[in-house]
Amino acid sequence: MSTKIDITRKQLVKLLNEDLAREYQAIIAYTVYSQTIKGAAYTDIARELAVHAGEELAHALLIAKQIDYLNGKPVTVPKEVKVSDDAKEMLRFDLENEKQTIINYRQRIRQAEALGEFALSEVLRKIIAQEQEHLTDLADALGIDNPTIEEK
């Protein structure tokens, strides 16, 4: 049984701007973490985080383009970036951010399709696939299974 999603283009733009602010947050976090995470155990993940930073920038560009397409104005301020001197804690911050991003994009895909914005939902599907790879990279670096992603 499918639930009807009631959303306007204006509401979708607002939500996409929240996603864009989260992408900016990820760019900054991955950039800083990749350069400040220390220890032999973290060499591989530090290199991977630098790659993630570039991928998050590509996501931000795609989201900004979609916001513009919907006649909105892309935001310019990131969500707050958490920092720590503890490498594992930084990786956990990233893991939680990736989980939330995946939840948000799952919702955004359904919302875009409810408005008939199928090109947007396709863009988001490509992004979510990369976000899931990031989640797996972080879980592997932490030595844990991929967390279950439950929407509220």
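Begin by selecting N97, which sits in helix α3, spanning residues 87-114 (helices are DSSP runs of H or I with at least four residues, numbered from the N terminus). The model is predicted, so local features need pLDDT of at least 70 and side-chain atom pairs count only at pLDDT 80 or more, while totals for chains, interfaces and linings use all residues. Residues are numbered from 1 along each chain as its sequence is written, and side-chain values use heavy atoms, with hydrogens and water left out.

N97 counts as partly exposed because its relative accessibility is 23% (buried means under 20% relative accessible area, exposed over 50%, and partly exposed in between, with a 1.4 Å probe and protein chains only). Leaving aside neighbours within four places in sequence, N97 is in contact with R22 and Q25, where contact means heavy atoms within 4.5 Å.

Stay in helix α3 and select K99 and E96, which lie three residues apart, about one turn of the helix. K99 forms a salt bridge with E96, with the closest N and O atoms 3.8 Å apart (a side-chain nitrogen of Lys or Arg within 4 Å of a carboxyl oxygen of Asp or Glu). K99 counts as buried at 19% relative accessibility, whereas E96 is partly exposed at 44%.

Next, select E113 and R125, whose salt bridge brings the closest N and O atoms to 2.8 Å. This pair links distant parts of the chain, with E113 in helix α3 and R125 in helix α4, 12 residues apart.

Centre on I63, which touches L16, L20, Y105, L124 and I127, not counting residues up to four places away in sequence.

Finish at N17 in helix α1, which counts as buried because its relative accessibility is 9%. The side chain of N17 reaches the backbone nitrogen of V75 at 2.7 Å, and N17 also touches I67, K73 and P74, among residues beyond four places away in sequence.

Methods:
Helices (H or I, at least four residues) and strands (E, at least two) are DSSP runs, numbered from the N terminus. A polar contact is a pair of N or O atoms within 3.5 Å; within protein, one must be able to donate a hydrogen and the other to accept it, and residues adjacent in sequence count only if both atoms are side-chain atoms.
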